[in-house]
Amino acid sequence: MNDALRLIGLEAFKKVVCADPYEGSSEAQVSSVHFVLKYGPRKGLEDEFAAYRFVADNLGDEVAVIFPSMVLFSQSANGEAAMVITPVHGRSLEGAILSGETEVANQMVEHALDHLDVLHRPVADPQSSLRGFAEELARTLEINLRKAGYKTPTPNFASQERFWSRGRVSLAHRDLSAVNIIGDANGVKFIDPRLAVPQASGGLGGYASPIIDLVSLAVSLERKEAELKRLFPGRTLQTSRELVRARIDEAINSDSCTSALAQLAEAVVRSAYAACRCSYCLAPERAWLYERMEETTREVVAILADSV
């Protein structure tokens, strides 16, 4: 199999290629090869791969439980790159929710929280890293609010010690939404890790407060529940949302982060949706959801500003 991959220029990807040999009497070895190929701008894929490598370097073999394996192949001549990823069985958490399979979705969320227990183990040197992460959030919030057309002046959150006065840091996904959790009732994996929260100016990397993943998942589930209720009146994600909310409360009450940092993280996550101008978010059939994100962003930012 390795020779075949080398012959077609894929030998660098042998660790992430799944091959099923065919039986037969042919002298040639015949295999069905399976992998996921992402192809696009080099910078974006290099940042995603760097985020994956950072997690892998810290977790060692445990990374394979949480993320699929990845190999990056860059082509600097045209500014494009390709990333090969082992296929993940199942579908996205979003797909399960919008199909009305709430029990499957609840089980997927439980598996995701189990993965976060591993990803969010405390690391050393929390104070400097925690301040750096809080500043990343504050700067990103400014960017998002500007893009969203938010006119009300906000305080200089980046200079406020209340966000990093206590707490801890860990590895983090930084964009843990329902579309980035893939699997089924038996298990899940995360895809598309980030070096910085969405819309941040540059990949900052390093450690983060675990609250960012919990809040990202909470807001994503809130959005998906709203869509679910329109498709299947009477169905909810109450079980999943309560599980995640309990983890957020636990993080605050155990001094893993301040309540102010949790609010800042929520403001950043909501403002990223309000600032987004992609065709999915701006589709007429989802105008109501876009407006909800704009409204809740203003509410959370107002709470942050009033509590200075």
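**Exercise 1. Determine how many aromatic pairs the predicted model contains, and classify the pair of tyrosine 52 and phenylalanine 67.**

Solution. Step 1: rings of Phe, Tyr and Trp (its six-membered ring) pair if their centres lie within 6.5 Å; planes under 30 degrees apart are stacked, over 60 edge-to-face, and the rest tilted. The count by this rule is five aromatic pairs.

Step 1: tyrosine 52 and phenylalanine 67 have ring centres 6.4 Å apart and planes at 75°, an edge-to-face pair.

Step 2: this pair links distant parts of the chain, 15 residues apart, with tyrosine 52 in helix α2 (residues 42-59) and phenylalanine 67 in the loop between α3 (63-66) and β4 (70-75). Helices (H or I, at least four residues) and strands (E, at least two) are DSSP runs numbered from the N terminus.

The model is predicted: local features need pLDDT of at least 70, side-chain atom pairs count only at pLDDT 80 or more, and totals for chains, interfaces and linings use all residues. Residues are numbered from 1 along each chain as its sequence is written, and side-chain values use heavy atoms, without hydrogens and water.

**Exercise 2. State whether tyrosine 52 and phenylalanine 67 are buried or exposed.**

Solution. Step 1: buried means under 20% relative accessible area, exposed over 50%, and partly exposed in between (1.4 Å probe, protein chains only).

Step 1: tyrosine 52 counts as buried because its relative accessible area is 6%. Phenylalanine 67 is buried because its value is 1%.

**Exercise 3. Classify the pair of phenylalanine 157 and phenylalanine 163.**
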